[in-house]
Amino acid sequence: MAEAHQAVAFQFTISPEGINLHLSYQALNQIYLSGLRSWKKRISRIKNRIIKGAYPASPSSWLFIVIAILATMYMQSDPSMGLIAKIQEHLPLSLSLSPQGQTMLSALLFSTLLWMSLILTLRFCLKLLLSYHRWMFEQHGHMSTKTKVWATLVKLLSSRKPLLYSYQTSLPHLPVPPIKDTLERYLESVKPLLDLDGFQRMRRLTSEFEKSLGNRLQRYLRLKALWATNYVSDWWEEYVYLRSRSPIMVNSNYYGMDFLYVTPTPNQAARAGNTITALFLYRRKVNREELNPSRIPGTVIPLCAAQCERMFNTTRTPGEETDVLQHWQDSEFVAVYHRGRYFRLWVYRAGRLLSPREIQFQIQRILDDPSPPSPGEEKLGALTAGNRWCLLFSCHGNCLTCLQLLVHS
């Protein structure tokens, strides 16, 4: 209870003499520093959104266009060919502004529209260039002149250092392959598995499918591809990933190791502290979009980075028919499992990431803790090895206990 009272920022007691108010300046300072870190992250996100929104142009190019337009107007020339005057006529604040102020505001609006048009044009050109696929069929060591020109143009349009998600709006849409090609590949794949009569029957069925249901489904796909950047990703996530009822532990979960050729230290707590710190430093780079976008090796083609934003702070909540992905903007702790017990380990203090040594000290306290697990807590992890519906149907009334352990661990 002593630790709980120290964590309270303020407390008051009512007595016959009045109200006694006690402030904990240390707790208030912790709250202030945590809020300051939160606001820094928000400002960083806003800044990155502005930079991403202007890519492949730069936010400073807006100022250059404004200065160029104003300088041209100062020399008694109209670069807008009458558009600035038309904007000025339709200003709703024309009565409260002086003629010079109306002209300045109209020039700013025209410069902003011109700047946005420039961004959309550059982004469209970059998308067209990234849709070029002839480079895949070039002979090794021999690149045609057309491909060399294409690579040069891509480098010129993406010469500015991009953020992690800068290319997301410039990536071309996933094209819908012709149904005829899809059916031909299907027949080629099943040919070794069927005898002559079975293959002829399969060819007849694919021909009937193409003439009836196949063409209708193909039109639906093309319609979706008009407004979806990837017409298959959301369906794959829903019906292949989230609706899969197989165990996650051996099918979907990933893990990390802190060694490759050498073991950094035999101390388990120290290795855990180094690994946790490295993961949070990597998460900081992902949140700040400081990582370079991944590219196809040996090319200038960027890859989609949409999955990076859900690499951390994301969980898959089980459901009866389909799971649900939940994502949080931030998290300041990790879950540690040791000898059938779950611990919540805080890795931030006053907005500062703890050092590997400090985390090592906390891990060592967990390793030295002799307390036994709560009733049923040590068996909770076994649920991840079963099918997804075991959380709902195979616990024989004990699911409430499991969920309480999950919430309060």
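Predicted model: local features only at pLDDT ≥ 70, side-chain atom pairs only at ≥ 80, totals over all residues.
Let me begin with Leu 163, which sits in the loop between α6 (145-157) and α7 (179-190), where helices are DSSP runs of H or I of at least four residues, strands are DSSP runs of E of at least two, and both are numbered from the N terminus. Residues are numbered from 1 along each chain as its sequence is written, and side-chain values use heavy atoms, with hydrogens and water left out.

Is Leu 163 buried or exposed? Leu 163 counts as buried because its relative accessibility is 15%, given that buried means under 20% relative accessible area, exposed over 50%, and partly exposed in between, with a 1.4 Å probe and protein chains only. Leaving aside residues up to four places away in sequence, Leu 163 touches Asn 48, Ile 51, Lys 52, Glu 289, Leu 291 and Pro 293, a contact being heavy atoms within 4.5 Å.

Turning to α7, its buried residues are Ile 179, Leu 183, Leu 187 and Val 190. They lie on the same side of α7, because they cover an arc of only 75° around the axis, the arc being that of the directions from the helix axis to the C-beta atoms. On the other side of α7, Arg 185 and Glu 188 are exposed, and the cover over the buried residues includes α8 (196-227).
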